[in-house]
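This report concerns strand pairing and aromatic contacts in a single structure. The sequence and the model are shown first, and the description follows.

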Amino acid sequence: MFNNRFLHALLTMLLLTGSVLAQNSTTRGPYTVHYNALPTTLLSPEVARNSGITRSASRGLLNIAVLRDADGTQVATIARVDAAATNPAGQRQSLRMREVREGEAIYYLGEPRISSTDEQLDFEVTVTPAGSAEPIVIRFTQSFHP
(Lines give C-alpha, C1' and ligand atoms only; values in the text may rest on other atoms or scores of the structure.)
Protein backbone atom coordinates (compact mmCIF):
# COMPACT_ATOMS: atom_id res chain seq x y z
CA MET A 1 0.00 0.00 0.00
CA PHE A 2 2.66 2.53 1.01
CA ASN A 3 6.14 2.61 -0.45
CA ASN A 4 8.51 2.84 2.57
CA ARG A 5 10.78 5.39 0.85
CA PHE A 6 7.88 7.75 0.22
CA LEU A 7 6.29 7.16 3.62
CA HIS A 8 9.61 7.89 5.30
CA ALA A 9 9.87 11.14 3.31
CA LEU A 10 6.31 12.05 4.32
CA LEU A 11 6.90 11.40 7.99
CA THR A 12 10.18 13.30 7.90
CA MET A 13 8.37 16.22 6.27
CA LEU A 14 5.69 16.11 8.97
CA LEU A 15 8.29 16.17 11.71
CA LEU A 16 10.24 19.00 10.08
CA THR A 17 7.14 21.09 9.39
CA GLY A 18 5.91 20.25 12.87
CA SER A 19 8.72 22.29 14.36
CA VAL A 20 7.94 25.17 11.99
CA LEU A 21 4.19 24.92 12.54
CA ALA A 22 4.43 24.40 16.30
CA GLN A 23 4.03 20.68 16.79
CA ASN A 24 2.27 20.20 20.07
CA SER A 25 1.92 17.43 22.57
CA THR A 26 -0.24 16.52 25.54
CA THR A 27 0.71 14.00 28.22
CA ARG A 28 -1.80 12.09 30.34
CA GLY A 29 -0.39 9.37 32.57
CA PRO A 30 1.99 7.20 30.55
CA TYR A 31 0.64 8.48 27.19
CA THR A 32 1.91 11.41 25.13
CA VAL A 33 -0.09 12.51 22.09
CA HIS A 34 1.80 14.52 19.46
CA TYR A 35 -0.34 16.49 17.02
CA ASN A 36 0.02 19.01 14.23
CA ALA A 37 -1.83 20.26 11.18
CA LEU A 38 -0.49 21.78 7.99
CA PRO A 39 -1.52 22.55 4.41
CA THR A 40 -1.00 19.57 2.11
CA THR A 41 0.66 21.94 -0.36
CA LEU A 42 3.76 21.71 1.87
CA LEU A 43 4.15 18.07 0.81
CA SER A 44 5.96 17.33 -2.43
CA PRO A 45 3.64 16.05 -5.18
CA GLU A 46 5.52 12.74 -5.24
CA VAL A 47 5.24 12.16 -1.48
CA ALA A 48 1.55 13.10 -1.46
CA ARG A 49 0.72 10.89 -4.46
CA ASN A 50 2.59 7.87 -3.15
CA SER A 51 1.17 8.28 0.33
CA GLY A 52 -2.44 8.58 -0.79
CA ILE A 53 -2.78 12.18 0.40
CA THR A 54 -4.70 14.74 -1.61
CA ARG A 55 -2.29 17.63 -2.24
CA SER A 56 -4.45 20.68 -2.76
CA ALA A 57 -4.85 24.29 -1.64
CA SER A 58 -8.24 23.18 -0.29
CA ARG A 59 -6.88 20.35 1.90
CA GLY A 60 -5.08 20.28 5.20
CA LEU A 61 -3.38 17.37 6.92
CA LEU A 62 -3.89 16.45 10.57
CA ASN A 63 -1.15 14.22 12.00
CA ILE A 64 -1.51 12.39 15.33
CA ALA A 65 1.01 10.07 17.02
CA VAL A 66 0.48 8.34 20.37
CA LEU A 67 3.44 7.24 22.49
CA ARG A 68 3.47 5.27 25.74
CA ASP A 69 6.23 5.59 28.31
CA ALA A 70 7.64 2.10 28.85
CA ASP A 71 10.31 2.39 31.55
CA GLY A 72 11.65 5.68 30.17
CA THR A 73 11.37 4.66 26.51
CA GLN A 74 8.67 6.13 24.27
CA VAL A 75 6.86 3.35 22.37
CA ALA A 76 4.33 3.95 19.56
CA THR A 77 0.87 2.88 20.66
CA ILE A 78 -2.26 1.85 18.79
CA ALA A 79 -5.23 4.07 19.57
CA ARG A 80 -8.72 4.94 18.48
CA VAL A 81 -8.55 8.48 17.08
CA ASP A 82 -11.65 10.54 16.35
CA ALA A 83 -11.28 14.08 15.05
CA ALA A 84 -13.37 16.98 13.86
CA ALA A 85 -12.54 20.44 12.54
CA THR A 86 -14.71 23.56 12.74
CA ASN A 87 -14.22 26.65 10.60
CA PRO A 88 -14.97 30.25 11.67
CA ALA A 89 -18.48 30.00 10.16
CA GLY A 90 -19.25 27.14 12.58
CA GLN A 91 -19.23 24.43 9.91
CA ARG A 92 -18.02 21.21 11.53
CA GLN A 93 -16.49 18.36 9.57
CA SER A 94 -15.75 14.92 10.97
CA LEU A 95 -12.40 13.67 9.78
CA ARG A 96 -11.76 10.13 8.62
CA MET A 97 -8.54 9.23 10.40
CA ARG A 98 -6.44 6.45 8.93
CA GLU A 99 -3.69 4.53 10.62
CA VAL A 100 -0.29 4.47 8.95
CA ARG A 101 2.52 2.20 10.11
CA GLU A 102 6.17 2.29 9.19
CA GLY A 103 8.38 -0.08 11.13
CA GLU A 104 7.57 0.61 14.76
CA ALA A 105 6.08 4.06 14.08
CA ILE A 106 2.29 4.52 14.08
CA TYR A 107 0.60 7.70 12.82
CA TYR A 108 -3.00 8.72 12.31
CA LEU A 109 -3.71 11.04 9.37
CA GLY A 110 -6.84 12.99 8.43
CA GLU A 111 -7.51 15.56 5.71
CA PRO A 112 -9.75 18.51 6.59
CA ARG A 113 -11.16 20.72 3.86
CA ILE A 114 -9.91 24.30 3.99
CA SER A 115 -10.85 27.34 1.96
CA SER A 116 -8.47 28.60 -0.67
CA THR A 117 -7.93 31.78 1.37
CA ASP A 118 -6.39 32.00 4.81
CA GLU A 119 -8.44 29.85 7.14
CA GLN A 120 -8.33 28.93 10.77
CA LEU A 121 -9.71 25.60 11.96
CA ASP A 122 -10.56 24.59 15.50
CA PHE A 123 -9.71 20.90 15.98
CA GLU A 124 -11.16 18.54 18.54
CA VAL A 125 -9.35 15.22 18.74
CA THR A 126 -10.29 12.32 21.01
CA VAL A 127 -7.58 9.71 21.46
CA THR A 128 -8.21 6.47 23.32
CA PRO A 129 -4.99 4.44 23.57
CA ALA A 130 -5.35 0.65 23.33
CA GLY A 131 -5.79 -0.77 26.82
CA SER A 132 -6.91 2.55 28.29
CA ALA A 133 -10.49 3.36 29.25
CA GLU A 134 -9.71 7.07 29.59
CA PRO A 135 -9.87 9.11 26.38
CA ILE A 136 -7.52 12.06 25.94
CA VAL A 137 -9.33 15.06 24.46
CA ILE A 138 -7.23 17.68 22.68
CA ARG A 139 -8.49 21.00 21.37
CA PHE A 140 -6.29 23.30 19.29
CA THR A 141 -6.52 25.92 16.58
CA GLN A 142 -4.42 26.00 13.43
CA SER A 143 -4.23 28.68 10.75
CA PHE A 144 -3.69 27.49 7.19
CA HIS A 145 -2.08 29.59 4.48
CA PRO A 146 -2.38 27.53 1.30
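Ala-84 has Glu-124 as its bridge partner in strand E9. In this predicted model, strand E5 (residues 79–86) pairs with E9 in the antiparallel sense, and 8 bridges join the two.

**The sheet**

Strands E5 and E9 belong to an open sheet of 4 strands, arranged in the order E6-E5-E9-E10 with antiparallel pairing. Its edges are strand E6 (92–95) and strand E10, each of which pairs on one side only. On average, neighbouring strands of this sheet are turned by 20 degrees against each other, direction ignored.

**Aromatic pairs**

The count of aromatic pairs comes to 3. Two of them are set out below.

| Pair | Arrangement | Centre to centre | Angle between planes |
|---|---|---|---|
| Tyr-35 and Phe-140 | tilted | 4.7 Å | 40 degrees |
| Phe-123 and Phe-140 | stacked | 4.9 Å | 15 degrees |

The pair of Tyr-35 and Phe-140 is classed as tilted, with 40 degrees between the planes, because stacked requires planes under 30 degrees apart and edge-to-face requires over 60. The planes of Phe-123 and Phe-140 are 15 degrees apart, so this pair falls under the 30 degrees that count as stacked.

Both pairs link parts of the chain that are separated in sequence. Tyr-35 lies in strand E2 (residues 31–39) and Phe-140 in strand E10 (residues 136–144), so their contact ties together parts that are 105 residues apart in sequence. Phe-123, in strand E9 (residues 119–129), and Phe-140, in strand E10, are 17 residues apart, and their pair likewise links distant parts of the chain.

Tyr-35, Phe-123, Phe-140 and Phe-144 form one aromatic cluster.

**Burial of the aromatic residues**

Tyr-35 and Phe-140 are both buried. For Phe-140 the relative accessibility is 9%, and the residue therefore counts as buried. Phe-123 also counts as buried, because its relative accessibility is 2%. The cut-off behind these assignments is a relative accessible area under 20%.

**An exposed loop residue**

Gly-29 is found in the loop between strand E1 (24–28) and strand E2. With a relative accessible area of 66%, Gly-29 is exposed, since exposed means over 50%. Between the C-alpha atoms of Gly-29 and Asp-69 the distance is 8.7 Å, although the two residues are 40 residues apart in sequence.

Conventions:
Residues are numbered from 1 along each chain as its sequence is written. This is a predicted model: local features need pLDDT of at least 70, side-chain atom pairs count only at pLDDT 80 or more; totals for chains, interfaces and linings use all residues. Side-chain values use heavy atoms; hydrogens and water are left out. Rings of Phe, Tyr and Trp (its six-membered ring) pair if their centres lie within 6.5 Å; planes under 30 degrees apart count as stacked, over 60 as edge-to-face and the rest as tilted. Buried means under 20% relative accessible area, exposed over 50%, partly exposed in between (1.4 Å probe, protein chains only). Two strands pair if DSSP finds at least two bridges between them. Axes are lines fitted to C-alpha atoms, for helices over the stretch in contact, and angles run from 0 to 180 degrees between N-to-C directions.
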